[in-house]
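Biologist: I'm new to this structure and would like a close look at one part of it. Could you pick a spot where charged side chains pair up, and walk me through it and then outwards from there?

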Amino acid sequence: MLPPHLYLATAVAFHGTETGGSITLSSSDPNSAPLIDPAFLTHPFDRHLAIHSVRETMKFLRTPSLAKDQIRLAAGPKGEGDDEEILDYIRATATSMWHPCSTAKMGKPSDASACVDTSFKVFGLEGLRVVDMSVAPFLPSAHTQATAYLIAQTAGEKLVAEYS
């Protein structure tokens with residue numbers, strides 16, 4: 001018999017989504033918060049992936065080796081749920097993992113969606129560089145920490161080479 005204070009928690013996380021959010025200025029006042037729209041689940045593939053992932057997680061939790069020790073599920077869609085019921089649950093409970101990136105994409109000058117060049121210099125401005133996860137052209141399918149370190153190391157090497 002398991003002690004009553006043990007529990008199992010599961011979570012579903014999406015990396016590499018098709019949805020692209022936006023961040024825009026709310027006013028010309030630099031102290032005003034920007035308007036941030038992550039546009040969660042607006043792409044059909046992301047909705048399909050979310051529904052399938054939750055359904056597979058629920059299936060995993062019903063396997064005999066886990067189900068035998070369960071008393072109840074603390075959260076999740078009610079019953080088996082059709083696609084809309086599962087999607088409603090996801091919309092009501094989903095949140096960001098707070099690893100936004102790609103808001104100042106690095107790219108070629110010919111790329112209209114790029115903001116900085118490969119030396120981290122902002123297009124059209126003198127003396128300004130961006131060196132953080134915002135220059136990543138897409139969210140990596142992993143924790144962002146290693147990518148952030150690589151971006152910083154690469155920028156540091158470029159700055160040392162430029163000013164040595």
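**A charged trio and its surroundings**

Modeller: Let's start with Lys121, which is partly exposed at 32% relative accessibility. Keep in mind that this is a predicted model.

Side chains of opposite charge can pair when their charged atoms come close. Here, Lys121 makes a salt bridge with Glu162, with N and O 3.8 Å apart. Lys121 sits in the loop between helix H3 (83-93) and helix H4 (144-163), while Glu162 belongs to helix H4, so this pair ties together parts that are 41 residues apart in sequence. The cut-off for a salt bridge is within 4 Å, so a 3.8 Å pair still counts.

Glu162 is partly exposed too, with a relative accessible area of 37%. Glu162 also has a salt bridge with Arg129, where the closest N and O atoms are 2.7 Å apart. Again the pair links distant parts of the chain, with Glu162 in helix H4 and Arg129 in the loop between H3 and H4, 33 residues apart. Arg129 comes out as partly exposed, at 23% relative accessible area.

Another of them brings together the side chains of Asp69 and Lys68, at 3.0 Å from N to O. In that pair, Asp69 is partly exposed at 43% relative accessible area, whereas Lys68 counts as exposed at 60%.

In soluble globular proteins, nonpolar side chains tend to be buried together.

Helix H1 (residues 44-61) packs against H3 at an angle of about 95°, and their axes are 9 Å apart. H1 is therefore roughly perpendicular to H3. On the H1 side, the residues that meet H3 are Arg47, Ala50, Ile51, Val54 and Arg55, and on the H3 side they are Asp83, Ile86, Leu87, Ile90 and Arg91. By type, the residues of this contact divide into six nonpolar, no polar and four charged.

Ala39 lies in the loop between strand S2 (35-37) and H1, and its phi is near 55°, a positive value in a residue other than glycine. Ala39 is buried, at 13% relative accessible area. Leu41 is also placed in the loop between S2 and H1, with a positive phi near 60°. Leu41 is buried as well, at 12%.

Methods:
Residues are numbered from 1 along each chain as its sequence is written. This is a predicted model: local features need pLDDT of at least 70, side-chain atom pairs count only at pLDDT 80 or more; totals for chains, interfaces and linings use all residues. Side-chain values use heavy atoms; hydrogens and water are left out. Buried means under 20% relative accessible area, exposed over 50%, partly exposed in between (1.4 Å probe, protein chains only). Helices (H or I, at least four residues) and strands (E, at least two) are DSSP runs, numbered from the N terminus. Axes are lines fitted to C-alpha atoms, for helices over the stretch in contact, and angles run from 0 to 180 degrees between N-to-C directions. Angles under 35 degrees count as roughly parallel, over 145 as roughly antiparallel, 65 to 115 as roughly perpendicular and the rest as oblique. Contact means heavy atoms within 4.5 Å. Ala, Val, Leu, Ile, Met, Phe, Trp, Tyr, Cys and Pro count as nonpolar, Asp, Glu, Lys and Arg as charged, and the others, Gly among them, as polar.
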